[in-house]
Amino acid sequence: MSKLIVSDLSCQRGYNELFSNLSFELNSGEILKISGANGSGKTSLLKILAGLNSAESGRLSINNNKAGSYDYQSDIFYLGHLPALSPELHCKENLDYLTQLSISSSNQSLNDALTNVGLKNFENEYAANLSAGQKRRVVLSALFITQSKVWLLDEPFTALDSDGINVIETQITKHCDNGGICVLTTHQKCNLPSLRTLTL
Amino acid sequence: MSLRNPSSFLNPLLFFVIAISLFPLAISPESHTLSNIAPGIVWVTCMLSVLLSLNAFFHYDYDNGVLEQMVISHHSLPLILLAKTIAHWLLTGLPIILLSPLLGMTLFLEAKSIYVLVLTLLLATPSLSLIGAIGASLIVGIKNSGMLLSLLILPLYIPILIFATSAVSQSQFNLPINAQLYFLASILLISLMTSPFVSAIALKTSLD
């Protein structure tokens, strides 16, 4: 069982207060969709949850492990707006590096993960030669490998076609069925079960 | 990665070679004049070429989002940065060290002075990379920050420049150079102990 607790979180960027005293709890199997207008603080909230940005105030914990601790950072898997791929590396090398940085297991090989997202035979292709959608698929294939319990996905469906979106939605559902937690932001409609929505 | 994008490490190296080879043309081809100023020429050029390479230290990782993944990784950030700094040294400091005997000879340095020059480069180029990593972490995300980086880093490079050039110059007159080498070694140890941690803090602050 995993539990993500966010209490009294406040965030300010420049002179703008994006949100204040934000509190919520997520248990195993839950998916939270953060919605809101552009600039409402969705990405900032995800970055704070990932330990990338600091909040003005508030507390964060996963199973009583505070943000920034080894256990907390081991439990999260964050994918932001940027592709997180080095153009000089092959798809497989990029995926290997990405999963090495987070907790991963060899249950599924890198090749299988790439096959799952429709990138079979792209293992040795340089990331620089991929389209935006293919780059997104490479990064998202990490979801088939990572063992982190809490997934933080910032606009995961951007640049993906409907087939790609289905694959990722299925993987998110599977993750949550296995006791994981997912927090995502998206402007698209999603077909995810037990979806909670938080509007900023 | 840099090996697949050779311009990232060849540019500073080419700058090092070209700048040094221009001095005999601009000043004097006489061996006496050149050997007198050779320690300064080699060391100043080495420092500037390292500085040239620092702009790209985190630039690409920041632009493509890999840096974010490094920062939020459960692995120790100082350790990741130390590995990155070692990679930077292998691609900038080490080629400079390997080329320096040849360039020393073109500036009419004696064999003994070339040996000391290589020794000072060996002791001090890792410090240049380590101190440079701090500066590079501070300027992450700032556009056109080349001048800012120079202002931040050059004052910290000055002691290295003074001790290193002094060691090579003194060796030309058969004077003892132990003190300078000890200073360079202590700067290396201090930067090795502090740089990864300071860089990690600076990087987190820059990304926040």
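A residue is called buried if 20 or more other C-beta atoms lie within 10 Å of its own. The legends below apply this term to a predicted model.

Figure 1. Chain A contains 6 helices and 9 strands. Its C-alpha atoms fill a box of roughly 50 × 35 × 30 Å, taken along the principal axes. A compact globule of 200 residues would have a radius of gyration near 16 Å, and chain A agrees with this because its own value is 16 Å. Of the 200 residues in chain A, 43% are buried. When contacts between residues at least 6 apart in sequence are considered, 71% of those in chain A join residues at least 24 apart.

Figure 2. A:Val139 is 59 residues away from A:Gly80 in sequence, while the C-alpha atoms of the two residues are 10.0 Å apart in space.

**Figure 3. The contact between chain B and chain A.** On the side of chain B, 16 residues are in contact with 21 residues of chain A. Helix α4 (residues 66–72) of chain B supplies the largest share of the side of chain B that touches chain A, namely 6 residues. By class, this side of chain B has 6 nonpolar, 7 polar and 3 charged residues.

**Figure 4. The packing of helices α2 and α7 in chain B.** Helix α2 (residues 31–54) of chain B and helix α7 (residues 111–138) of chain B have axes that come within 10 Å and cross at roughly 30°. Angles under 35 degrees count as roughly parallel, and α2(B) and α7(B) are therefore roughly parallel to each other. The crossing of α2(B) past α7(B) is right-handed. Which residues of α2(B) meet α7(B)? From α2(B) come B:Pro39, B:Val42, B:Cys46, B:Met47, B:Val50 and B:Leu54. In α7(B), they meet B:Leu117, B:Leu121, B:Leu128, B:Ser129, B:Gly132, B:Gly135 and B:Ala136. By class, the contact of α2(B) with α7(B) consists of 10 nonpolar and 3 polar residues, with no charged residues.

Notes:
Residues numbered from 1 in each chain as written. Chains lettered and ligands numbered in written order. Predicted model: local features only at pLDDT ≥ 70, side-chain atom pairs only at ≥ 80, totals over all residues. Helix = DSSP H or I, 4+ residues; strand = E, 2+ residues; numbered from the N terminus. Rg over C-alpha atoms; globule rule 2.2 N^0.38 Å. Buried ≥ 20, exposed ≤ 12 C-beta atoms within 10 Å, placed from the backbone. Contact = placed C-beta atoms within 7 Å. Axes fitted to C-alpha atoms, helices over the stretch in contact; angles between N-to-C directions. Parallel < 35°, antiparallel > 145°, perpendicular 65-115°, else oblique. Left-handed = near helix turned anticlockwise from the far one by under 90°. Nonpolar A, V, L, I, M, F, W, Y, C, P; charged D, E, K, R; others polar.
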